[in-house]
4 protein chains.
Amino acid sequence: MPLLIKGGRVITATDDQRLDIYCEGETITRLEPDIDPAAVDPKTEIIDAAGKLVFPGFIDPHVHIHLPFMGTHARDDWASASRAALAGGTTTLIEMICPGPDDEPMTAFEDWRSRAEGTASVDFTFHMSVVRFDELAQRQLRQIVNDHGIASFKVFLAYKGALDLSDADLFACLSLAKELGVIVTAHCENAGAIDAMQAKLVSEGKTGPEFHEPSRPTCVEGDGVTHLATMAQLTGAHIYCVHTSCDEAVNAALAARRRGVNIWIEAVAPHLVLDKTYAELPEFEGAKYVMSPPLRDKSNQAFLWNQLRARAISTIGTDHAPFDFEAQKKALGRDAFPKIPNGIPSVQERIDLIHTHGVLSGRIDYQTFVDACSTQAARIFGLYPRKGTIRVGSDADLVVYDPNKKHTLAHKASHSNVDYNAFEGWEMTGKSEFVTVRGKIQARNGQFVGETGTGRLLKRKPTHF
Amino acid sequence: MPLLIKGGRVITATDDQRLDIYCEGETITRLEPDIDPAAVDPKTEIIDAAGKLVFPGFIDPHVHIHLPFMGTHARDDWASASRAALAGGTTTLIEMICPGPDDEPMTAFEDWRSRAEGTASVDFTFHMSVVRFDELAQRQLRQIVNDHGIASFKVFLAYKGALDLSDADLFACLSLAKELGVIVTAHCENAGAIDAMQAKLVSEGKTGPEFHEPSRPTCVEGDGVTHLATMAQLTGAHIYCVHTSCDEAVNAALAARRRGVNIWIEAVAPHLVLDKTYAELPEFEGAKYVMSPPLRDKSNQAFLWNQLRARAISTIGTDHAPFDFEAQKKALGRDAFPKIPNGIPSVQERIDLIHTHGVLSGRIDYQTFVDACSTQAARIFGLYPRKGTIRVGSDADLVVYDPNKKHTLAHKASHSNVDYNAFEGWEMTGKSEFVTVRGKIQARNGQFVGETGTGRLLKRKPTHF
Amino acid sequence: MPLLIKGGRVITATDDQRLDIYCEGETITRLEPDIDPAAVDPKTEIIDAAGKLVFPGFIDPHVHIHLPFMGTHARDDWASASRAALAGGTTTLIEMICPGPDDEPMTAFEDWRSRAEGTASVDFTFHMSVVRFDELAQRQLRQIVNDHGIASFKVFLAYKGALDLSDADLFACLSLAKELGVIVTAHCENAGAIDAMQAKLVSEGKTGPEFHEPSRPTCVEGDGVTHLATMAQLTGAHIYCVHTSCDEAVNAALAARRRGVNIWIEAVAPHLVLDKTYAELPEFEGAKYVMSPPLRDKSNQAFLWNQLRARAISTIGTDHAPFDFEAQKKALGRDAFPKIPNGIPSVQERIDLIHTHGVLSGRIDYQTFVDACSTQAARIFGLYPRKGTIRVGSDADLVVYDPNKKHTLAHKASHSNVDYNAFEGWEMTGKSEFVTVRGKIQARNGQFVGETGTGRLLKRKPTHF
Amino acid sequence: MPLLIKGGRVITATDDQRLDIYCEGETITRLEPDIDPAAVDPKTEIIDAAGKLVFPGFIDPHVHIHLPFMGTHARDDWASASRAALAGGTTTLIEMICPGPDDEPMTAFEDWRSRAEGTASVDFTFHMSVVRFDELAQRQLRQIVNDHGIASFKVFLAYKGALDLSDADLFACLSLAKELGVIVTAHCENAGAIDAMQAKLVSEGKTGPEFHEPSRPTCVEGDGVTHLATMAQLTGAHIYCVHTSCDEAVNAALAARRRGVNIWIEAVAPHLVLDKTYAELPEFEGAKYVMSPPLRDKSNQAFLWNQLRARAISTIGTDHAPFDFEAQKKALGRDAFPKIPNGIPSVQERIDLIHTHGVLSGRIDYQTFVDACSTQAARIFGLYPRKGTIRVGSDADLVVYDPNKKHTLAHKASHSNVDYNAFEGWEMTGKSEFVTVRGKIQARNGQFVGETGTGRLLKRKPTHF
């Protein structure tokens with residue numbers, strides 16, 4: 001059934017126009033100032049977007065859905081995560097494949113893919129985590145890139161002994177990435193420093209969630225970025241620092257950029273609107289706000305926004321990682337903060353948080369908003385122009401957004417399978433009214449109205465040579 | 001006569017597509033993968049762009065054409081400058097209005113406008129230099145912005161006693177700019193330092209062109225940027241540093257950006273491809289290479305390219321300022337370098353220089369090339385989307401470019417009215433074949449084929465609130 | 001009468017020794033582990049320093065005593081200021097000579113000198129402020145340096161139209177300083193920015209003392225340091241940034257040092273222990289805490305202490321400027337903060353504040369304490385080794401200090417002629433017991449016990465070539 | 001036999017005085033303007049130092065003498081190294097104890113000590129390298145510190161798999177150092193990066209000595225410093241970066257210092273006067289100039305000197321590591337640069353090189369020269385005031401230096417057991433005439449005249465709490 005979105009203000013990373021959008025099949029086929037509804041296929045569904053904004057479907061370049069973590073699992077599956085994403089205006093998710101250190105890459109890829117295929121209601125792709133780099137792994141990684149269209153790796157400088165690579169493997173992995181044209185996303189915190197600090201703090205009886213940040217202060221993240229950038233400078237690989245939380249880390253990245261390193265920077269919604277005082281909330285409630293890198297001193301927020309406005313930070317993701325507060329964060333981490341499962345779920349809330357605290361507060365404009373929340377993710381990760389923009393031929397992933405709609409974030413409205421909402425009671429202005437994926441309306445007014453399992457794996461071509 | 005550009009690879013700041021372009025009247029009316037020549041107006045002129053690139057018309061945000069300078073005048077008029085621009089693929093020029101310190105702004109504006117209107121063959125607008133800031137000047141500046149659509153100012157921190165503003169006036173000027181939403185472009189070199197250094201060097205008998213750079217070393221430019229940024233931080237004004245030549249100046253700008261200052265950075269072609277050894281050429285030939293800020297140590301070039309690739313530097317202009325070598329630079333400056341008229345003409349050469357030394361050498365990609373040489377100038381200076389991109393409704397300013405064409409830069413091919421070419425003998429790859437302004441072919445293969453005087457003043461709306 | 005200080009722990013900028021000190025006439029004549037009291041001149045006065053520390057007399061390189069300021073005068077004269085200094089362990093003061101813009105330098109020098117001579121009870125010298133630079137001024141400045149032993153200048157980048165120099169004069173003044181080997185101390189805040197901000201804030205009704213800091217934020221000070229450093233780089237002059245208050249200013253100085261500029265940095269006691277919340281105290285009490293550069297956000301303190309510990313900041317002075325709260329700060333500044341006379345008197349409190357908050361809190365060690373509060377001032381300003389250390393032949397300026405003595409700062413104990421104490425009620429640990437100047441005991445336990453007017457002008461030789 | 005040094009200009013890190021020095025036994029007992037030779041012990045040997053400078057004996061805080069390295073050994077023993085040191089004015093050496101990864105620390109300590117004791121003719125101590133950190137090692141390290149007076153550790157971030165510690169061990173080692181008050185000296189180059197780069201370059205056939213620098217570019221050293229500083233920030237340990245070669249590494253250290261890390265910086269003579277073009281000399285002669293960190297681009301030299309002048313860099317050592325050119329560097333490294341034994345011997349040349357290229361060229365003054373080449377090493381490493389200065393009670397380690405003596409560096413004048421002199425033919429101004437250790441003349445005019453084996457192990461107390 002064709003779709004006509006009429007009367008909206010169409011906003012992309014570069015433009016702001018009054019245009020009607022006509023979608024047939026899965027793509028946008030017409031984009032014109034005035035499309036006569038009487039002159040199109042009579043079966044066309046017409047959405048009145050007068051007074052509304054129309055954005056390209058938002059992309060979250062950094063989510064966890066299936067996530068084994070220290071003996072437990074994150075709570076979402078692709079059905080719930082898709083509903084949450086769509087309710088919030090996000091139409092494409094890039095999930096981290098997170099194998100254990102002994103798993104074969106191909107097995108992990110197949111596992112993660114099979115969980116998404118037939119269950120996801122948004123389109124999706126993966127960053128392939130590289131946690132081993134023996135010959136078998138290398139061979140399979142080549143296959144995963146070349147045969148399966150997974151054009152990005154993920155490496156960890158954190159999570160000592162579990163996920164981090166030796167320097168030799170890191171160098172080799174970056175060299176392979178350069179050869180294949182694959183960008184390497186990286187969690188940049190120095191693993192050894194964290195391990196030692198965690199042990200030290202716990203041994204001193206400092207076991208509460210408020211010690212999570214002191215166990216990995218900003219210098220640990222700056223150290224990680226510096227090290228990754230060094231390796232990238234030596235190999236020529238293109239790198240992408242995920243969830244950069246602080247001045248010190250961003251500055252390390254910008255210093256590398258001055259030396260010619262091809263480095264991109266991601267912020268995530270929690271660091272932009274929350275600070276470390278949340279992790280210090282009493283009665284263990286701070287555990288709701290434990291993620292890594294941790295929430296920081298508030299002074300870092302202005303810095304991150306400034307760099308977003310200047311487009312020195314390219315993307316805003318979430319690092320959505322849905323663990324329950326009671327049964328997981330509290331139950332497992334009660335004795336010692338290093339055991340609190342990490343993550344602040346926000347895949348549903350991201351767009352409204354950034355709209356309210358970024359756009360409406362004047363920190364960024366609408367173009368930067370779309371660029372950071374959709375277009376850049378598409379460009380950097382090889383999805384553009386199929387995703388990330390509104391133009392003829394692109395997938396009809398669209399968000400009709402009411403910029404004036406006031407609402408309150410609440411757990412009861414959450415689709416993610418977790419037992420709390422980190423932003424409970426926050427007042428928002430702006431909300432998605434209609435969300436389409438490839439021409440089909442998947443959400444209306446925050447409710448999933450689509451068909452579960454219609455999401456598709458997006459094959460991507462390497463572009464980072 | 002309609003125009004159909006068929007078979008080209010259409011490249012914008014964001015996209016790279018195989019599209020045909022149909023232009024009717026002055027604008028682009030269709031943009032489609034395949035437009036049937038048989039189905040369009042039979043009068044349509046068809047350009048075969050197979051194997052060619054199609055760019056939006058390039059914009060030079062920083063040129064001087066009518067330029068009184070220390071008792072002489074630059075050699076171009078709008079007829080010659082337009083021919084040079086068009087030959088090189090540039091379809092819009094932003095000229096600096098440069099009144100003397102006692103001139104009334106409105107008189108200057110009318111003078112500059114009248115020289116362009118009816119003579120220019122490219123579209124044009126102006127940056128309004130603010131060299132006095134009394135009440136009359138303020139009143140006229142408001143008129144110039146509001147009634148005449150000139151949405152950018154120019155201030156000088158250099159040229160002591162002639163063009164520079166007092167700090168009080170600079171602050172007030174920036175405050176007015178903030179109020180009006182006008183961006184302030186600025187020449188950031190500390191005037192007092194230069195004056196003193198020039199006097200010192202000349203008094204020591206150091207009078208040759210090779211002492212021009214030592215009279216205004218990089219710290220003088222860094223100082224200027226720091227000072228402008230301080231004033232912008234206090235007033236909230238948006239600023240744009242023209243012709244930034246070195247690491248130290250760019251770093252000062254980036255430091256300001258970290259603090260939240262809204263600052264844009266311009267590079268110009270000469271600093272990207274020439275270094276200070278040119279100004280040290282014997283037999284006074286160095287004078288050909290005297291501009292301000294001066295050509296720098298070569299190590300600054302890699303830094304500028306790195307920042308362009310990262311889009312931290314937004315634009316590439318020329319600071320085209322056409323003075324003759326023999327009759328002006330040599331005749332006037334022979335006794336002492338401070339009297340050498342400043343400028344390295346490159347309005348015709350810019351695009352081919354950047355294509356050859358930027359794109360083909362792998363320093364920047366085609367999107368960044370278009371962004372820096374066209375789109376950003378349009379966005380920053382309020383010309384977008386009329387100029388700076390290729391889309392339906394935009395002016396049909398188009399460049400059909402042969403990326404493989406080899407040619408040699410030479411004075412004999414120059415359209416600018418000067419007696420030398422600073423790049424004489426340089427081998428280029430890539431050349432404009434067809435250049436259109438609002439749907440009319442104005443240049444073919446480096447020759448002007450249009451009608452003189454058809455250029456139009458572009459009214460702009462302030463966007464920098 | 002000879003003096004024998006027995007049993008003390010003698011601490012200098014480099015050493016920490018158990019030594020007895022014997023003073024004859026005005027100098028130290030013996031420095032030995034054990035001087036037999038029975039074997040010296042029987043008239044010798046013996047001070048038992050067992051359990052005490054013995055420091056070289058402290059030097060305050062930055063005080064105002066006679067200070068005309070916007071139609072009023074600071075409250076101290078050399079008698080009161082000397083008593084305050086001596087009570088706190090300071091035996092040498094360097095006062096700023098602050099002529100008006102039309103005064104002749106020599107007249108000003110004679111005026112300031114005559115006020116000190118015969119009244120001062122500490123030794124003294126001056127920084128000669130350069131607020132005009134015509135030919136007469138230059139001639140007299142040469143005389144003041146060469147004939148009168150004043151080997152340091154002071155320039156203002158702040159105080160627009162009153163004290164600041166044009167860039168041409170600043171350059172010329174620095175060039176003269178380089179020629180004469182004179183160091184140039186400088187107040188580095190951009191004058192024009194402050195003037196404009198003051199006018200803006202006042203026009204918005206923001207007239208209270210809490211707006212003093214926002215009228216000259218850290219960027220204004222960073223700008224000043226950058227500009228001074230640029231001029232120093234061009235001229236080769238040695239410079240000294242007085243009362244550096246913030247991260248941004250110190251970083252600007254360190255950046256200049258990396259480029260080879262010979263630059264020294266001074267902190268003053270108020271910035272090390274007070275922050276801007278004091279200037280926000282209600283009922284206009286904030287006016288007590290108005291000085292320039294203003295008290296800053298508390299985060300700057302750790303940074304200043306870190307740089308002191310690393311000896312990147314060389315000296316700790318006071319910028320003592322004694323204005324009454326009621327009759328001056330309040331009476332004159334009530335209507336608008338720009339009229340509040342600037343200054344936080346601390347010439348008496350400096351040493352105990354730094355001992356308590358610097359040494360005892362572990363931020364700096366005793367050597368750094370002596371270095372910053374005495375030795376470096378002597379070295380930088382040409383008083384070493386006559387002042388600033390303890391060795392045979394040096395002036396017998398000595399402080400016997402009880403590091404464990406607890407006391408409370410209070411106005412009633414102040415010797416400075418002002419009506420308040422900015423540190424009222426602060427608990428201190430450590431106090432001077434005996435303070436000698438050239439072998440005579442001038443203060444005991446915070447009381448002046450000497451003879452008024454015995455201080456001497458110290459002739460200095462230029463050392464900064 | 002007592003010693004009287006008469007008529008010299010005595011220069012320390014802080015002072016410059018005309019003093020006679022009288023030494024009895026092993027120490028300085030009198031230091032007076034004029035000691036009457038007729039009034040002292042008639043057996044006194046009198047040295048006429050008129051027109052000469054007298055320095056405290058120089059200390060080299062970074063030498064290798066016994067050095068097993070990839071299957072071979074450095075060529076010096078303590079007899080030859082002592083002669084070389086003394087000939088050049090150096091009276092104390094701090095040698096690196098370099099055990100293999102499986103050696104017990106105590107065994108290594110005993111081995112290194114036994115080689116020095118009875119053979120050394122200068123006084124000596126050691127930095128204890130920590131290359132393993134199991135329980136036995138920890139226990140022995142405590143003994144070595146507490147019982148044997150070795151108050152400094154050395155750790156390697158370079159030399160992967162041989163000498164580098166895991167992050168866990170590095171953290172633990174720094175924590176132990178903090179507990180014991182021991183400073184940790186560190187070779188800061190990232191081991192993994194170097195290994196990978198070496199393999200890569202060699203695999204590409206880039207095997208000559210000119211590829212040594214590209215195998216460990218400046219970013220690798222900056223990375224190392226950043227990482228060490230991170231670990232120091234977390235543990236509170238005091239750190240000392242040895243042989244810092246470049247802008248990037250020093251800046252990383254200064255950035256850490258701004259954050260409060262207690263970090264000291266060492267430069268070594270080769271990096272101050274040689275650059276990487278030496279390692280590019282043809283016929284494999286470049287191998288003479290292979291050390292790590294490598295010789296750098298010449299632009300780094302000015303930066304290092306600037307930081308020395310500002311005393312941001314504390315010390316100048318040598319990293320003396322005496323390998324033969326023909327039999328070792330060439331024979332072993334001919335096939336591939338990673339096998340070239342590292343080191344540029346300069347223990348004999350250091351003082352004259354720094355005097356000529358530092359002091360006489362105006363880059364540093366005499367106080368900074370003494371501070372960097374003697375005093376700071378004594379202060380930082382717990383030898384002060386026994387060593388590092390000239391005062392009553394200090395060891396009579398003295399250098400009578402002729403600042404005007406011209407001579408030429410040459411292998412034939414070298415006492416070090418190597419077959420080449422890296423500075424062959426360099427013209428020097430300034431030379432040691434007399435060199436004493438604890439009151440005995442050990443060298444005259446570059447010739448050893450003392451008794452071999454009279455050097456003593458210096459017990460040191462930890463001071464870095």
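How many residues of chain D are in contact with chain C? In this predicted model, 21 residues of chain D are in contact with 21 residues of chain C, where contact means heavy atoms within 4.5 Å. Residues are numbered from 1 along each chain as its sequence is written, and chains are lettered from A and ligands numbered from 1 in the order in which they are written. Local features need pLDDT of at least 70 and side-chain atom pairs count only at pLDDT 80 or more, while totals for chains, interfaces and linings use all residues; side-chain values use heavy atoms, with hydrogens and water left out.

**Interface of chains D and C**

- The area buried between chain D and chain C is about 1,700 Å², of which carbon and sulfur atoms give 33%; buried area is the accessible area (1.4 Å probe) that two parts lose on being put together, summed over both.
- Of the area that chain D buries against chain C, 31% is supplied by Thr14(D), Arg258(D) and Arg391(D), more than by any other three residues.
- There are 4 salt bridges between chain D and chain C, a salt bridge being a side-chain nitrogen of Lys or Arg within 4 Å of a carboxyl oxygen of Asp or Glu.
- Arg391(C) forms a salt bridge with Asp15(D), and the closest N and O atoms of this pair are 2.3 Å apart.
- On the side of chain D that touches chain C, helix H7 (247–258), helix H9 (299–309) and helix H12 (366–380) of chain D each supply at least two residues; helices (H or I, at least four residues) and strands (E, at least two) are DSSP runs, numbered from the N terminus.

**Symmetry of the two copies**

- Chain D is superposed on chain C by a rotation of 180° with 0.0 Å of shift along its axis (RMSD 0.0 Å), using least squares on the C-alpha atoms of residues with pLDDT of at least 70 in both.
- The two copies are therefore related as by a two-fold rotation axis.
- In chain D, the C-alpha nearest the axis belongs to Ala312(D), at 3.5 Å from it.
- Because 100% of the interface residues of chain D are also interface residues in chain C, the copies meet through the same surface.

**A sheet in chain B**

- In chain B, 7 strands form an open sheet of mixed pairing in the order E3-E2-E7-E18-E19-E20-E21, two strands being paired if DSSP finds at least two bridges between them.
- Strand E3 (16–18) and strand E21 (447–448) of chain B stand at the edges with a single partner strand each, so one side of each is left without a neighbour in the sheet.
- Strand E7 (residues 53–56) and strand E18 (residues 398–408) of chain B run antiparallel and are joined by 4 bridges; the bridge partner of Phe55(B) in E18(B) is Val399(B).
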